[in-house]
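Work through the exercises below with the sequence and the 3D structure at hand. Each task is followed by a solution in steps.

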Amino acid sequence: PWRVVVVGAPDYGERPADPERDGAQPTARTAPFAPLDKAAEESRSIAALWSAVDAQAHVLLGDAATEAALRRDAQGARILHFATHGYAAAQASPAA
């Protein structure tokens, strides 16, 4: 069966983006993101839809939706679904 990882409503904490640390442009994210009202609900619904067709769906929500958890769980996954805010770096960081 397909492996699906669903990431929703991660806890961004109170720390604003740091271009040196995150590779983000200073104007890309200067304050923490507010939670999205329906992101957790969307994540659970998407996982349920995939599970209904016999996929192995794994959900990462809130403080469990960390970069480390995503990197671990994404190994071998066929589908990654994100219900979250996001920002793009001008270029890939050396760790990417």
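**Salt bridges, pair by pair**

Arg-71 and Glu-67 are four residues apart in helix α3 (residues 67-74), so about one helical turn separates them. Helices here are DSSP runs of H or I with at least four residues, numbered from the N terminus. The model is predicted: local features need pLDDT of at least 70, side-chain atom pairs count only at pLDDT 80 or more, and totals for chains, interfaces and linings use all residues. Residues are numbered from 1 along each chain as its sequence is written, and side-chain values use heavy atoms, with hydrogens and water left out.

**Exercise 1.** State how many salt bridges a search of the whole structure finds.

*Solution.* Start with the criterion: a side-chain nitrogen of Lys or Arg lies within 4 Å of a carboxyl oxygen of Asp or Glu. The search then gives three salt bridges.

**Exercise 2.** Describe the contact between Arg-71 and Glu-67.

*Solution.* Their side chains form a salt bridge, at 2.9 Å from N to O. Next, take accessibility: buried means under 20% relative accessible area, exposed over 50%, and partly exposed in between (1.4 Å probe, protein chains only). Arg-71 has 48% and is partly exposed, while Glu-67 has 54% and is exposed.

**Exercise 3.** Is Asp-73 buried or exposed?

*Solution.* The relative accessibility of Asp-73 is 9%, so Asp-73 counts as buried. Its salt-bridge partner is Arg-72, at 2.8 Å from N to O. Arg-72 reaches 53% and counts as exposed.

**Exercise 4.** Find the residue that forms a salt bridge with Glu-41.

*Solution.* The partner is Lys-38, with the closest N and O atoms 3.6 Å apart. Glu-41 is partly exposed at 47%; Lys-38 is exposed at 55%.

Methods: Helix = DSSP H or I, 4+ residues; strand = E, 2+ residues; numbered from the N terminus.
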